[in-house]
Number of protein chains: 2
Amino acid sequence: MSSNIRRSVPQQQRAQEMIDRILSAAAQVLSESGYAGLSTNRVAAAAGVSIGSLYRYFAGKNELIEELRARSSADVLADLTGALTAAVGMSARDGVHHILSVLVGAVKRHRAVTTAMIAEAPLGAHGNILPEVERQLTQVTRIFVAVHAPELDPAEADARIHLAMGVTLNACLRIALEPPAGVTEDRLISLTADLLVLGLVPDPVRTHPDPAQSRPDPVRTRPDPVRARPGR
Amino acid sequence: MSSNIRRSVPQQQRAQEMIDRILSAAAQVLSESGYAGLSTNRVAAAAGVSIGSLYRYFAGKNELIEELRARSSADVLADLTGALTAAVGMSARDGVHHILSVLVGAVKRHRAVTTAMIAEAPLGAHGNILPEVERQLTQVTRIFVAVHAPELDPAEADARIHLAMGVTLNACLRIALEPPAGVTEDRLISLTADLLVLGLVPDPVRTHPDPAQSRPDPVRTRPDPVRARPGR
DNA sequence: CGATAAAGTGAGCGAAAGCTCGGGTACCAC
DNA sequence: GTGGTACCCGAGCTTTCGCTCACTTTATCG
């Protein structure tokens with residue numbers, strides 16, 4: 001258990017260089033050996049640095065990891081803010097598309113950290129890697145919904161936004177980190193963008209299935225059968 | 001490093017009981033201390049069993065974890081298959097809704113394992129917890145799309161299915177494990193169901209933002225930038 | 001220059017991990 | 001009973017972990 005915050009603030013240039021060396025070595029170890037393979041000794045060795053030096057600048061392993069995550073998150077966030085300002089002049093769908101592709105690109109750049117951090121890690125309890133990004137995105141989306149669908153009551157809007165955040169982040173991660181074969185990345189982004197604008201702004205006409213749609217499905221059972229046992 | 005596969009097959013009843021004890025102890029440790037806190041010694045102690053007995057039936061820690069995951073996955077899969085047969089008599093949207101709520105319930109029942117397994121784990125490289133479930137769901141969805149949207153070319157259909165799988169699994173996990181405050185679970189499931197049927201079956205009318213919808217957005221850029229071709 | 005602080009080193013600590021193995025105990029033929 | 005097999009135990013091995021600390025080297029400055 002690390003406790004004494006012994007981390008010293010760098011004052012010379014070489015110290016800053018060392019910090020960078022350590023962090024990029026950590027990212028490298030992460031991409032080569034995964035989160036489980038990330039030990040402070042290994043990082044120090046990979047950085048060509050003494051283990052003692054590592055502990056001079058990082059109070060412990062968790063600090064090191066958190067710093068790594070924070071840097072990636074900040075970088076992705078920077079890209080996002082740029083995309084947001086670029087999107088204000090576009091149509092809703094084009095804006096969403098643009099934002100998505102920027103996010104996908106940013107995540108790709110940080111493949112090592114993001115893939116490894118989807119892990120539990122000792123960070124947030126819920127294992128969210130990019131909370132800053134999600135926060136920013138939520139904020140903007142809230143405004144978007146308020147403008148384009150002011151009739152929604154707050155709870156309903158929140159539900160849609162929550163869902164949209166899940167779709168967005170999940171889609172970006174999937175597209176960037178586990179791209180399926182046979183489909184272009186841009187096609188996936190387009191589909192996601194379509195889905196998002198559809199899901200955010202309500203359209204009373206299509207919220208339920210239109211009766212004409214049904215196929216040779218003869219039986220129409222009870223509106224909803226007994227739900228799965230509550231369990232536990 | 002575990003190597004010799006020494007795992008013996010149980011022949012007496014008490015052996016089977018022991019295996020169950022070990023597995024449920026593992027689940028308990030997992031929910032109490034997270035993935036990082038899961039050690040074989042701890043599991044054995046929690047099960048009130050010798051560490052040697054654990055290694056008689058599990059070739060190593062990974063085997064134990066994989067068995068745990070497999071059991072949860074199988075249980076969720078069983079629920080899913082039930083939901084699928086129940087859904088054949090329903091409308092598309094109701095069917096999807098039903099499947100989603102069953103999945104959410106199943107995930108909830110396996111909270112400990114699923115939350116911990118979202119972690120890296122030494123399992124699949126991509127950290128997918130329920131590959132069997134995803135496979136089954138993909139298969140059914142493929143049929144669904146083929147029936148309801150036969151005009152889609154295969155690549156386009158695959159893209160939509162891939163996206164839908166991401167949305168489905170992510171939504172279920174989020175709803176089951178990190179339910180947001182202020183919104184009922186059922187509302188989220190309904191929204192997700194709407195989104196899914198919308199996203200799966202193409203509707204030429206709404207693939208683009210309708211012009212009437214827009215608010216005080218003065219600028220409207222090009223109707224649509226180059227759209228990705230169907231790929232492949 | 002000499003002095004002081006910052007930066008950097010690495011042997012090695014205690015703890016905990018995964019796992020082994022020799023030896024005991026419960027069970028089921030006969 | 002007796003033999004044999006399946007079952008179960010737990011001290012303790014080996015390795016690796018996070019981390020400390022006494023120490024040396026390098027930069028800064030009067």
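A:R142 is partly exposed, with a relative accessible area of 42%, where buried denotes under 20% relative accessible area, exposed over 50%, and partly exposed the range in between (1.4 Å probe, protein chains only). The structure is a predicted model, in which local features need pLDDT of at least 70 and side-chain atom pairs count only at pLDDT 80 or more, whereas totals for chains, interfaces and linings use all residues. Residues are numbered from 1 along each chain as its sequence is written, chains are lettered from A and ligands numbered from 1 in the order in which they are written, and side-chain values use heavy atoms, with hydrogens and water left out.

The residue A:R142 belongs to helix 7 of chain A, which covers residues 131–148; helices (H or I, at least four residues) and strands (E, at least two) are DSSP runs numbered from the N terminus. When neighbours within four places in sequence are set aside, A:R142 is in contact with A:D158 and A:I161, contact being defined by heavy atoms within 4.5 Å. Between A:R142 and A:A155, which are 13 residues apart in sequence, the C-alpha to C-alpha distance is 12 Å. Chain A as a whole contains 9 helices and 0 strands, and 46% of its 232 residues count as buried. Of the contacts in chain A between residues at least 6 apart in sequence, 71% join residues at least 24 apart.

In chain B, B:T114 is placed in helix 6 (residues 111–117) and is buried, with a relative accessible area of 1%. A polar atom of the B:T114 side chain lies 2.7 Å from the backbone oxygen of B:H110, a polar contact being a pair of N or O atoms within 3.5 Å, for which, within protein, one atom must be able to donate a hydrogen and the other to accept it, and residues adjacent in sequence count only if both atoms are side-chain atoms. Not counting residues up to four places away in sequence, B:T114 touches B:V107, B:I129 and B:L177. By comparison, B:N128, in the loop between helix 6 and helix 7 (131–148) of chain B, counts as partly exposed at 23% relative accessibility. The C-alpha atoms of B:N128 and B:V140, which are 12 residues apart along the chain, are separated by 19 Å.

DNA strand D is surrounded by 27 residues, the closest being A:K61, B:Q11, B:S50, B:G52 and B:S53; a residue is near a strand if one of its heavy atoms lies within 4 Å of it. Sugar and phosphate account for 64% of the atoms of DNA strand D that come within 4 Å of the protein. Helix 3 of chain B supplies the largest share of the surface near DNA strand D, with 5 residues. Phosphate oxygens of DNA strand D lie 2.8 Å from an N or O atom in the side chain of B:S53 and 2.9 Å from a polar backbone atom of A:T40, while a sugar or linking oxygen is 3.3 Å from an N or O atom in the side chain of B:R14.

A:K61 also lies over the face of A:Y35, at 5.8 Å from the ring centre, and B:K61 lies over the face of B:Y35, at 5.8 Å from the ring centre; the criterion places NZ of Lys or CZ of Arg within 6 Å of the ring centre and within 35 degrees of the ring normal.
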